[in-house]
Amino acid sequence: MELTDALWHLGAPPLELVVRTIVVYIVFLGALRLSGKRELGQFTLFDLALVLLAANAVQPAVTGQDTSLLGGLIILVTIFGMNKVVAAAREHVPFIRRALEFEPTVIGRDGAWLPDAVDREELDDGDLEAALREHGVDSLARVKLATLEQDGSISIVTEEGTARIAERRRRRRYRRPAAD
């Protein structure tokens, strides 16, 4: 009987859990938006640590006194529901789209990086050199246009006029590709 109580007895009213979750979701989304494109598109080890620690730090603000399974399910449904609402609002409300999405930023032109743009986007030489390598460009002199895209990837147009956007793909070593 005690196990059942621990699983299903809420330690906080359901509406309180929903409101706490919505407030933390909005603040967390705002913090990610303010952190810049680089944080979203090119997670480094310390970026991942930041997000995981931030999520852990706000967990008590979401759950309050509740440790029940039912409370966790309410919070989970609220998070996914909020995500769906925000996605729909982003699609249909131009103001929301502008507030949540970044504009692409030109970071290089005619064989040179644009130092002000590079600094503003918090990119370093390693990021820029990696972008050249990802696009198979052996020299900055060949770059006609380089843009930091909305998703944090860097697209490069070379003097030959070919445009390619590098995509970061997560590969799991323990999975084999599906047979065609």
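In the predicted model, helix 5 gives the most to a nonpolar patch, contributing five residues. Two helices, helix 1 (2-8) and helix 5 (69-92), each supply at least two of the residues in the patch. The relative accessible area of Leu76 is 44%. Because buried denotes a value under 20% and exposed a value over 50%, Leu76 is classed as partly exposed.

Strand pairing was examined next. Strand 1 (residues 105-109) and strand 3 run antiparallel and are joined by four bridges. Within this pairing, Arg109 stands opposite Leu145 of strand 3. Strand 3 (residues 143-148) is also joined to strand 4, in this case by five bridges, and these two strands likewise run antiparallel. Strand 3 is therefore paired with strand 1 through four bridges and with strand 4 through five, given that at least two bridges are required for a pair. Along the pairing with strand 4, Val143 has Thr158 as its bridge partner, while Ala146 is partnered by Ile156.

Strand 3 and strand 4 form a hairpin with five residues between the strands. In this hairpin, Gly152 adopts a positive phi near 95°. Strand 4 itself spans residues 154-158, and four of its five residues are buried, so the strand is largely enclosed by the rest of the structure.

Helix 8 (residues 125-134) likewise contains buried positions, namely Asp127, Leu128, Ala130, Ala131 and Leu132. The N-terminal end of helix 8 is capped by Asp124, which places a side-chain oxygen 3.0 Å from the backbone nitrogen of Gly126. Beyond the other end, just after helix 8, Gly136 takes a positive phi of about 70°.

Terms used. Residues are numbered from 1 along each chain as its sequence is written. This is a predicted model: local features need pLDDT of at least 70, side-chain atom pairs count only at pLDDT 80 or more; totals for chains, interfaces and linings use all residues. Side-chain values use heavy atoms; hydrogens and water are left out. Buried means under 20% relative accessible area, exposed over 50%, partly exposed in between (1.4 Å probe, protein chains only). A polar contact is a pair of N or O atoms within 3.5 Å; within protein, one must be able to donate a hydrogen and the other to accept it, and residues adjacent in sequence count only if both atoms are side-chain atoms.
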